[in-house]
Amino acid sequence: MAKTYQYCVAENWGKGFIDHVESSRITFAGYPGNVWQVPAYNKHGNLWIAKVAGTVKTKTEAQAIVDAEVQAAQAVWDALPDAEKAPAVGSNTRPADITLEE
Amino acid sequence: MATYLGTHGSRIQNYTTDPDNPNTGEVWYNATANTIRVEAVTTAGSWAAGGALNTGIEKSGGAGTQTSALSFGGKLPPTTNGVESYNGTNWTEIANLNLARNALGGAGASNTSALAFGGESPSGGNKNETELWNGTNWTEVNNLNEARNSLASCGIQTAALAAGGNSTDSPSNRATTESWNGTNWTTVNNMNSGRYNLAGAGTNTSAVVFGGYDTAQRAYSESWNGTNWTETNDLNEARYALAGSGTSNTSALAFGGQPGLAGSSAKTELWNGSNWTEDGDLNNARVSLTGTGTATLGLVFGGEGPPPAQTLTEEWTGAGAAQTRTISTD
């Protein structure tokens, strides 16, 4: 099955990291661990990865980076006193697992 | 008479840098970048990366525009009284709030004129204190009538609105609305649906509030005409801990938030006074983020997705904005 997305790791330096023209051409999705998802087989996606000097990752590699970040956040949440977890409904919920798409 | 074509051998004017104020439809050659460019108009909205906050923050108050904004209070964690000012490029730390709090309301036209109100103290209590920012100092002014956190807020320093929120009173999901006239808060008509972790946009005479949580995440939307709240068409995606920007009950933007018991949303929806329409997604999905600006030129910063609190800033340009684009011949 042809993949829909490609992944890279790139640190968001702020202004100019993603500009409006790039954002209007392709859909970006940023994930924990500076993982970025852009369309696969797409010239504008490839150009953006080159611009930000992104390190291309396979979906499996990207998923492992995201999992590590989420699990660290879950561990912090699990260690909170029960009183801070109590009002979890509507705020401060346990960080959810994130599943990247192929 | 000499013509441009005759002098330059080209119908397209050469520039070493892009012209300052090109007309829509104007085409030129950028001799530095060796590209042909056109001044176009956007047909859909998009989020671009903005300058990063100095400190990651969630549940902060916000005020101002895309090029002149403030982030005040919030949670690192812990809850902070820290304030940062944005000039359209960079965030700078400035004078702190007198009172540390998170999930507070904010209003204001710029990074030199704002109002902070309500919120939750570091110990968890609800606050009713109001502070006014004049560009130099935060000064305590008259309190909200009802202490609460996670409320919707909008307006400017001299005319603001506080709606809904979470209180120790029963029911805890508040429908209370208060209007600020520059000196005092006055309790006005309630919202139709009490809820917290909702967002708002507009002024104290023309506003819209949307999303939120009571017993579940909600897609509810209500319009304020200065006197009464009217239920309107819902958001397409029910969510809470979202953010908004906009100038009135006919022009607003909703973005981010938590769409269920877990996870975060990147969805952006545009309100035209009748319907919410999906537009370009945030580049980073997150919850407990802060928004300010208009529905055409919006700003979002902070939030989490998942923790820790983030320094991310994104800048919204809506459809119809002028935009210089490179013409691709590949």
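Which residues of strand β17 (residues 199-202) of chain B are buried on one side, and which on the other?

## Strand β17 of chain B

In this predicted model, strand β17 of chain B is covered on both faces, with Ala199(B) and Ala201(B) buried on one side and Gly200(B) and Gly202(B) buried on the other. A residue is called buried if 20 or more other C-beta atoms, placed from the backbone, lie within 10 Å of its own. In a regular strand the side chains alternate between the two faces of the sheet.

β17(B) runs antiparallel to strand β18 (residues 207-210) of chain B, to which 4 bridges join it, and a hairpin of 4 residues links β17(B) to β18(B). Within this pair, Ala201(B) has Val208(B) as its bridge partner in β18(B). Strands are DSSP runs of E with at least two residues, helices are runs of H or I with at least four, and both are numbered from the N terminus; two strands pair if DSSP finds at least two bridges between them.

## The sheet of chain A

In chain A, 4 strands form an open sheet in the order β2-β3-β1-β4, with antiparallel pairing. Because β2 (29-31) and β4 (55-57) of chain A stand at the edges with a single partner strand each, one side of each is left without a neighbour in the sheet. Neighbouring strands of this sheet are turned by 35° against each other on average, direction ignored.

Strand β1 (residues 5-9) of chain A pairs with β4(A) in the antiparallel sense over 3 bridges, and Val9(A) stands opposite Thr55(A) in β4(A). Helix α2 (residues 43-51) of chain A packs on the sheet, where α2(A) touches β1, β3 (35-39) and β4 of chain A, and its direction makes about 150° with that of β3(A). Such angles run from 0 to 180 degrees between N-to-C directions, with axes fitted to C-alpha atoms, for helices over the stretch in contact.

## Domains and the contact between chains

Chain B is divided into domain 1 (4-41) and domain 2 (46-317), with bounds that come from an automatic or database domain assignment. The centres of these two domains of chain B, taken over C-alpha atoms, are separated by 42 Å.

Between the chains, 30 residues of chain B are in contact with 25 residues of chain A, where contact requires C-beta atoms, placed from the backbone, within 7 Å. The elements giving two or more residues to this side of chain B are β4 (46-49) and β28 (322-327) of chain B, and β4(B) gives the most, with 4 residues.

## Numbering and confidence

Residues are numbered from 1 along each chain as its sequence is written, while chains are lettered from A and ligands numbered from 1 in the order in which they are written. Because the model is predicted, local features need pLDDT of at least 70 and side-chain atom pairs count only at pLDDT 80 or more, whereas totals for chains, interfaces and linings use all residues.

Conventions. Two residues are in contact if their C-beta atoms, placed from the backbone, lie within 7 Å. A residue is buried if 20 or more other C-beta atoms lie within 10 Å of its own, exposed if 12 or fewer, and partly exposed in between; C-beta atoms are placed from the backbone.
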